[in-house]
Number of protein chains: 2
Amino acid sequence: MAALGKVDAPGSRREPLDRARVVGAAVALADDKGVTGVTMRAVAGSLGVEAMSLYNHVRGRDDLLDGMVDAVFAEIELPTGEADWQDAMRRRADSARAVLRRHPWAVGLLDSRSAPGQATLRHHDAVLGALRAGGFSVAGAARAFSVIDSYLYGFVLQEVSLPFRSSAELNEVAGGILSGLDADQYPHLVEVTTEHALQPGYDYADEFDVGISLILGALQPDDLP
Amino acid sequence: MAALGKVDAPGSRREPLDRARVVGAAVALADDKGVTGVTMRAVAGSLGVEAMSLYNHVRGRDDLLDGMVDAVFAEIELPTGEADWQDAMRRRADSARAVLRRHPWAVGLLDSRSAPGQATLRHHDAVLGALRAGGFSVAGAARAFSVIDSYLYGFVLQEVSLPFRSSAELNEVAGGILSGLDADQYPHLVEVTTEHALQPGYDYADEFDVGISLILGALQPDDLP
DNA sequence: TGACGCTGCTTACACTGTAAGCCTACGGTA
DNA sequence: TACCGTAGGCTTACAGTGTAAGCAGCGTCA
């Protein structure tokens with residue numbers, strides 16, 4: 001029935017697979033359909049290949065997900081170390097946030113992945129280096145890193161789970177939610193929605209800058225032992 | 001083969017299912033085996049029931065996950081509103097963190113769930129209320145809430161994804177990672193691991209307090225318009 | 001009594017990850 | 001030139017997933 005051992009047209013040799021191509025296809029698929037769309041068959045299909053072929057380049061689905069997370073980290077702009085540490089941290093945070101918004105599925109994958117890849121390690125090392133260069137002690141750098149990244153991940157985690165992307169969508173969605181909300185039961189929620197979130201010009205994305213500025217302003221190399 | 005329409009022993013009527021029991025069983029299962037262990041069949045099995053019976057109380061797996069997240073929020077201690085706002089926020093954050101550590105799977109579920117439940121709404125409302133009572137403007141309360149919760153979720157997200165729970169495990173794991181780490185390639189990572197994380201008495205959990213104090217100290221009702 | 005609705009059960013289906021094993025093309029050697 | 005080992009595809013098969021469709025026993029009300 002099916003031709004056994006399919007033969008390619010002799011002129012057009014098939015582009016050989018490798019780990020990078022597999023991971024790249026998986027990332028593209030996740031961007032398009034979310035993490036649940038990343039099935040071995042779908043990834044293979046988008047490469048014109050059968051599912052089991054992927055196992056020559058990837059240990060399994062888990063390994064593939066690890067690779068995807070590392071590929072995302074590779075996109076984050078590393079601090080160069082020459083600038084003022086606050087500027088460096090702000091730019092790195094902005095870059096990381098932009099990357100994570102481009103790949104919203106990655107935030108949810110951060111937990112449950114326990115094997116950091118090359119890009120992840122390089123990224124962490126560069127950030128620590130920038131903080132050390134900015135005058136932080138070893139412990140201080142570790143703490144500053146923890147505080148900044150916690151805020152960063154947490155903000156993006158909330159941001160990507162919002163059921164809207166634009167402020168036009170926001171108005172629509174918030175209106176819908178609001179109508180189902182009892183002002184007696186949730187007075188403050190109603191207040192903040194109508195008087196703040198639904199005001200023209202509001203964009204939750206702007207809040208990121210407020211928080212980062214607040215945190216960077218409060219972090220000082222001398223404060224942390 | 002199997003008796004059709006199984007009849008229970010007449011004396012021992014089966015405890016009837018309801019949404020709360022289903023969600024409760026799912027939470028217990030997730031605590032035990034992680035979120036991937038929450039299959040409809042497994043949840044049903046732990047209740048002595050078949051998978052399809054759950055659909056009488058839950059719209060589907062997605063709805064079940066929504067219910068689980070809401071059940072977790074219900075465990076968080078609400079701010080009472082009478083204390084100093086900084087104390088209230090600190091206690092709420094500590095409580096939330098304790099709850100999320102008890103149910104580590106919940107953090108990863110926070111994104112991808114877009115339908116907040118009763119407990120979630122009540123929780124958000126209470127936090128906003130405490131901030132308003134502390135003197136924050138509507139916009140200021142929204143911002144403070146965003147900063148605090150971003151840090152909270154982000155910290156827990158990192159915390160629960162660490163591949164160890166105790167500092168004994170830490171030593172073991174960090175030692176293993178370290179041995180695979182090239183000091184030339186990742187100098188700062190090696191430095192912070194050996195000189196900080198592997199020092200006796202180190203516990204990443206303690207960093208939470210540092211960050212929360214820093215953020216609460218930097219947040220002032222008057223700063224935010 | 002009878003009808004009805006609630007709840008749990010059975011069956012069935014499409015789809016998942018992946019183990020096992022087969023086939024072909026390529027590269028190096030005799 | 002002929003040979004053969006290996007790498008990287010392919011096929012098949014299986015256990016486990018969520019859930020749609022429909023059946024059976026029970027309690028409640030007319």
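User: Is B:Phe155 buried or exposed?
Analyst: Buried. This is a predicted model, and in it B:Phe155 has a relative accessible area of 0%.

User: How do the rings of B:Phe155 and B:Tyr204 sit?
Analyst: They are stacked, because the planes are at 10 degrees and anything under 30 degrees counts as stacked. The ring centres are 4.9 Å apart.

User: Where in the chain are those two?
Analyst: In distant parts. B:Phe155 is in helix H7 of chain B, while B:Tyr204 is in the loop between helix H9 (187–197) and helix H10 (207–218). They are 49 residues apart.

User: And B:Tyr204, buried or exposed?
Analyst: B:Tyr204 counts as buried, at 14% relative accessibility. The cut-off for buried is under 20%.

User: How many aromatic pairs are there over all chains?
Analyst: Ten, from a search of the whole structure. One of them is B:Tyr151 with B:Phe155. That pair is tilted, with 45 degrees between the planes and 5.9 Å centre to centre.

User: Where do B:Tyr151 and B:Phe155 lie?
Analyst: Both are in helix H7 (residues 138–161) of chain B. They are four residues apart, about one turn of the helix. B:Tyr151 is buried too, at 0% relative accessibility.

User: What about chain A, which residues do ring pairs link into a cluster?
Analyst: A:Tyr151, A:Phe155, A:Tyr204 and A:Phe208.

User: New topic. Where does B:Gly34 lie?
Analyst: In the loop between helix H1 (19–33) and helix H2 (40–46) of chain B. B:Gly34 counts as partly exposed, at 24% relative accessibility.

User: How far is B:Gly34 from B:His103?
Analyst: 8.9 Å in space, C-alpha to C-alpha. In sequence, B:Gly34 and B:His103 are 69 residues apart.

Conventions:
Residues numbered from 1 in each chain as written. Chains lettered and ligands numbered in written order. Predicted model: local features only at pLDDT ≥ 70, side-chain atom pairs only at ≥ 80, totals over all residues. Heavy atoms only, no water. Buried < 20%, exposed > 50% of the residue type's maximum accessible area, 1.4 Å probe, protein only. Phe/Tyr/Trp six-rings, centres within 6.5 Å; stacked < 30°, edge-to-face > 60°.
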